[in-house]
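Dear colleague,

I am handing over the structure we spoke about, and you will find it just below. Please have it open beside this message while you read.

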Protein chains: 2
Amino acid sequence: MGGDRAPAEVVAGACQAARELGIPVLLVGDAVYLSTVAPQAGVEILVASEVIHMDEDPGRAVRVKRDSSLVRCAEAVRGGRACAMVSAGNTGATMASALLRMGRLPGVSRPAIATVIPVPGSTPTVLIDSGANVDCTAPMLVQFAQMGWALATERFAIRDPRVGILSIGEEASKGNALVKEAHALLEAGAAGPDVRFIGNVEGRDVMSDRVDVVVTDGFTGNVVLKTLEGGVKAVVGGVLSALTGDTAVKEAAQAVLPALTGLANELDPDTYGGAVLLGVDGVCVISHGSSGARAILNAVRVAHHAVADKLVGRIEAVIASGRP
Amino acid sequence: MGGDRAPAEVVAGACQAARELGIPVLLVGDAVYLSTVAPQAGVEILVASEVIHMDEDPGRAVRVKRDSSLVRCAEAVRGGRACAMVSAGNTGATMASALLRMGRLPGVSRPAIATVIPVPGSTPTVLIDSGANVDCTAPMLVQFAQMGWALATERFAIRDPRVGILSIGEEASKGNALVKEAHALLEAGAAGPDVRFIGNVEGRDVMSDRVDVVVTDGFTGNVVLKTLEGGVKAVVGGVLSALTGDTAVKEAAQAVLPALTGLANELDPDTYGGAVLLGVDGVCVISHGSSGARAILNAVRVAHHAVADKLVGRIEAVIASGRP
């Protein structure tokens, strides 16, 4: 029921996942709306009478709306009826539902959001935390490094991914107080023997092949994510208007536009199907509020792989391997 | 003497400024090298025997190397021999030289770096602080808002520029502790009657026409700046490889590339000629370390306008109008 284009696009994407990917889905939401969905193999329905809207206070909404689609969805995962939850709704309420109903993994101080940043011509970069925790401590960043490492290993089959901490210079002496302290902890092996820490990385490395996992606090991470979103949009918009503004180049532009489609797809956030909330005891995929059917299809695929690859177990193991 | 391509490119750009823009320049640096520069109208020389290198500790270098080009340059401004300084060298040492030799403006707590972000199809956005102060307090952000406002007014002749604080959501309740406190101060008019505060803005607004001055701490600002640099580079690289990779589109691509040149120029940091250190008692322009002659030419132009438009006096006035 959540998202700017819900329920129609969300339901369409979920049904497509069942049909095309063979991943069974459970649609959680309004009885009347869901009764209009044509019955099909692999699609079940769980009725929830309430909806948490985009502008509601997450903590309060989750406490009060016990029969909301988000709360019921998280409960379905906890109870074993579903293996994972996917939502394009209120991000804070999605996190709160997952946290309160599934619970934290043992030893995890704070769950964090890992977002996948496309890198043209290379494997994507995992950015963690991209918005769950605005004020962080150094030990929290160490756990983000561990969880991001586990995701990069699982989702992109990157062997021995490079984990860096986002700062404003490569030297260990560069950064704010939080970064310097986290750097020292990671350098000393606080993230455990498996996590390869490569030191500080900079903003320009996020969309490059120099690092696989970029660790930062949720404030900076969210700013980075949205800055890239805006920057890519501005440049792509500039390219399109340069190619279509002048009648002299319009014809030639028609010939090159198909060549740019691959790039546009690569840069489209929908291709990666959403961020993942790591550190909770279950799989929770958070899709962009503007998700259409294709984004939801990909989010279901991401959730499916996380379950099949036992991502939660991997996170539990890497957290246990760290030194507190 | 500073910058990856100094002294040749820096000197070339400065001489070009004297020749093409009619702005007299004073070259500060090594006697032997500068003796090879062909004498020309509007170009004078001030010899300095030392150089502060890119990797030196800024504070220490400025204290110890009293006959360095950076220190002598700042002294030339303080003593009235020059109206402004321009450097592509060690950023920290440039700031330290300016701060120690020119001094702070009355009432300014911390000078900050204002960087100009190009926005395709619109006036640029001023980002302040983009790297001078990694750990900030809320009253510091209020002064950054005042100084950025003065720059947007002076440099881009924007009447009543919109000043926003960088956060992770538009509502006043969104952000980390620093942002919430600064938001409350700005909302209460701490920046004085002239500064129009429009509230929180997000990363995606930086490269858009929704805001003119984006206020943030120097850590986040530097990350944003470099993230955009990397993101724009990745997208532009992706476009170019899409247009040149396939022989079938190569010919058509040749026809459209000129149309993209205008955009590439607009996005090129060299076009804006560097950042400005605001809050010191003099004009100090900080160019990118990789500056070529064109970037230096534009930096000299920026310095010239700042002097002609009395930017320093404007900043002093807006700081005085604030409520501490």
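What follows is a short account of what was found in it, taken place by place.

Please bear in mind throughout that this is a predicted model.

I begin with helix H7 of chain A, residues 177–187, in which Leu178(A), Val179(A), Ala182(A), His183(A), Leu185(A) and Leu186(A) are buried. These residues lie on the same side of H7(A), because the arc they cover around the axis is only 165°. As background, residues three or four places apart in an α-helix point the same way, since there are 3.6 residues a turn. On the other side of H7(A), Ala177(A) and Ala184(A) are exposed. The cover over the buried residues of H7(A) includes, from chain A, helix H6 (138–155), strand S6 (162–166) and strand S7 (196–201). Just after H7(A) comes Gly189(A), whose phi is positive, at about 85°.

Next is Ser69(A), which belongs to helix H4 of chain A, residues 69–78. Is Ser69(A) buried or exposed? Ser69(A) is buried, because 27 other C-beta atoms lie within 10 Å, and the cut-off for calling a residue buried is 20 or more. Leaving aside residues up to four places away in sequence, Ser69(A) touches Met1(A), Val28(A), Gly29(A), Ala48(A) and Val51(A). Between Ser69(A) and Leu46(A) the C-alpha to C-alpha distance is 8.7 Å, while in sequence they are 23 residues apart.

Strand S3 of chain A, residues 84–87, has Ala84(A) and Val86(A) pointing one way and Met85(A) and Ser87(A) pointing the other way, and all of them are buried. In general, the side chains of a regular strand alternate between the two faces of the sheet. The pairing of S3(A) with strand S10 of chain A, residues 283–286, is parallel and runs over four bridges; within S10(A), Ile286(A) is the bridge partner of Ser87(A).

Finally, there is the interface between the two chains, where 49 residues of chain B are in contact with 49 residues of chain A. On the side of chain B that touches chain A, at least two residues each come from helix H8 (203–206), helix H9 (218–245) and helix H10 (247–267) of chain B. H9(B) gives the most to that side, with 21 residues. By type, the residues on the side of chain B that touches chain A divide into 29 nonpolar, 13 polar and seven charged.

With kind regards

Note on methods
Residues numbered from 1 in each chain as written. Chains lettered and ligands numbered in written order. Predicted model: local features only at pLDDT ≥ 70, side-chain atom pairs only at ≥ 80, totals over all residues. Buried ≥ 20, exposed ≤ 12 C-beta atoms within 10 Å, placed from the backbone. Arc of directions from axis to C-beta. Contact = placed C-beta atoms within 7 Å. Nonpolar A, V, L, I, M, F, W, Y, C, P; charged D, E, K, R; others polar. Pairing = 2+ DSSP bridges.
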